[in-house]
Amino acid sequence: MTIQQMQYYIKVCQYKSFTKAARDLSVSQPGISSAMRELERECGVELFERRNNSLYITDAGVLFLEEVRKLLKQYEQMQGAVKNLSQGRSYIRMGLATMGGNSVYPQLRKLFQQEYPEIAVMAVEDYNGELRRMLEEDEVDLVLCSSRTMSEMPEFDHIDIRSSRVLFCVNRNHPLADGGCVTYEEMSREPLVLLSDVYSITRRIRQAFAKRGLPMDIIHYTNQAYTVLRFIRQGAACGFLPSDVVEGNPDIVGIPLPDGEESCTSLFWKRDRLQFSAARKLLQFAKEHLEEI
């Protein structure tokens, strides 16, 4: 998914027309159509519905639009921060895990910027393995991700920010929603929507089922947490998500796994390499404001 595709998508939603969006963007209409088909393929859901020669945004498309706007706002902030570098402004390069990092980062950033408005925070979102590589190669100063990912690596230090656990998630009207507990045998009989294997949460779940010799009825893979949420809200499948992602979703019930362990979203940095004063300030700020984040 590219920045250009997201910009195209916002324009199509604005005009509810591929042709008008293409005209505004000074690109070809086939180019817009191709970009939208690729987005739908990657998301695994229809973003638009065509009825009576008119274009409508689906429920999934509306939810996706909200996420796209957030991502583009982050991108614009990053562009502004880069421009400020030439003026000597301090900055922090932050890596965020899609699962976990985003549950902590908004509040952390808000509080930190209130106290240090002169420091620009440039954030990039990726999966845990890539974030580990970026921190190893000094492409970012700090990383917010699951403590499972890097806590055993001696070259990294960390502080724990917020605890969570993986939950088996069902629609509130699902027969399992009222039980308060679930077995792996029961989960193996349900249709599942999973995040792709680049996410550690999925790899751990697959290992747990394999260990018990149980099958998994996987009907869809996705790279987007909102797609998992959408399937569950519609009662089309069940899934596995961290507790902090499920919070605030009244249509979804999260059930603790039989052998579920708590994990932490943690802030990591490279041992003896936190060389920029701005990054040191954010780290100290996080330590002092753990209860507020």
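Let me start with a definition: the radius of gyration here is taken over C-alpha atoms, and the globule rule is 2.2 Å times the number of residues to the power 0.38. For 293 residues, that rule puts a compact globule near 19 Å; our chain has 21 Å, which agrees.

Now, the ground rules. This is a predicted model, where local features need pLDDT of at least 70, side-chain atom pairs count only at pLDDT 80 or more, and totals for chains, interfaces and linings use all residues. Numbering runs from 1 along each chain as its sequence is written, and side-chain values use heavy atoms, with hydrogens and water left out.

Overall picture next. The C-alpha atoms fill a box of roughly 55 × 55 × 30 Å along the principal axes. The chain has 12 helices and 11 strands. Both are DSSP runs, numbered from the N terminus: helices are H or I with at least four residues, strands are E with at least two.

How much of the chain is buried? Of the 293 residues, 48% count as buried. Buried means under 20% relative accessible area, exposed over 50%, partly exposed in between, with a 1.4 Å probe and protein chains only.

Contacts, meaning heavy atoms within 4.5 Å. Take those between residues at least 6 apart in sequence: 74% join residues at least 24 apart.

On to the cores. A nonpolar core is a set of buried Ala, Val, Leu, Ile, Met, Phe, Trp, Tyr and Cys residues joined through side-chain atoms within 4.5 Å. The largest has 59 residues. Which residues have the most contacts inside it? They are Tyr9, Met36, Phe48, Phe168, Phe240 and Leu241. A second, separate core has 25 residues, including Tyr116, Phe285, Ala286 and Ile293.

Stay with Met36. Setting aside residues up to four places away in sequence, Met36 touches Gln5, Tyr8, Tyr9, Val12, Phe18 and Phe48.

That brings us to Gln5. Gln5 is found in helix α1, residues 3-15. Gln5 is buried, because its relative accessible area is 12%. Beyond its neighbours within four places in sequence, Gln5 contacts Ala35, Met36, Glu38 and Leu39.

Next, Met6, also in helix α1. Buried or exposed? Met6 is buried, with a relative accessible area of 5%. Leaving out residues up to four places away, Met6 touches Met1, Val68, Leu71 and Leu72.
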